[in-house]
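Have a look at the fold below, then read on.

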Amino acid sequence: METTRHFTATTYIVNDGATALHAHERLGIRLPPGGHVDRDELPHEAALREVREETGLEAELVADDPGIEGPQGHSLPQPAHLMLHDINVHEDGSVGHQHIDHCYFARVDGRDIDPDGHDERGAAAWDWYAPADLRAADLDADVVRLGIEAIETVGEA
């Protein structure tokens, strides 16, 4: 059986030493803003778009850009991590679908969540987590680790 793969972008947004996570309806877990990279869109553009659509906040990526320039190309903002997520795992253990996720960290100027996207969940679906909150919550281990790393990287812990 063939495994299909899609590129996605996720952004841990940070304000005043905390990161925002929402209750994902379909998956039943808490996650930062994120989604599929659209056709003709770069991963870092998708990361910023998803933040804006899901939270209404304007984010500033905290990402290294090696500054490599050439006659036909240039470097892009580097994600903090590249993750491979199994989305559709069959009973026999085979994987039907995966997301190749570009995980970014970003700062935002406030915490007032007001989604821009018409199909997005409202502010009540979101909570802000400081490192201690992340450690104490019933969250997936990768969400805790990446959330804490984002807070430390943005420098607001």
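## How the chain holds together

Among contacts (heavy atoms within 4.5 Å) between residues at least 6 apart in sequence, 64% join residues at least 24 apart. Buried residues, meaning those under 20% relative accessible area with a 1.4 Å probe and protein chains only, make up 39% of the 157 residues.

A quick word on the model: it is predicted, so local features need pLDDT of at least 70 and side-chain atom pairs pLDDT 80 or more, while totals for chains, interfaces and linings use all residues. Residues are numbered from 1 along each chain as its sequence is written, and side-chain values use heavy atoms, with hydrogens and water left out.

## The parts list

You'll find 3 helices and 10 strands here, counted as DSSP runs (H or I, at least four residues, for helices; E, at least two, for strands) and numbered from the N terminus. Starting at the N terminus, the order is β-β-β-β-α-β-β-β-β-β-β-α-α.

## Zooming in on helix 1

Helix 1 covers residues 43-55, 13 residues in total. Which residues of helix 1 are buried? They are Pro43, His44, Ala46, Ala47, Arg49, Glu50, Val51, Glu54 and Thr55.

And what do the buried residues of helix 1 pack against? Their partners are strand 1 (4-15), strand 2 (18-24), strand 4 (34-36), strand 5 (59-61), strand 9 (95-108) and strand 10 (126-129). After helix 1 comes Gly56, with a positive phi near 80°.

Note on methods
Buried means under 20% relative accessible area, exposed over 50%, partly exposed in between (1.4 Å probe, protein chains only). The expected span of a helix is 1.5 Å times one less than its number of residues.
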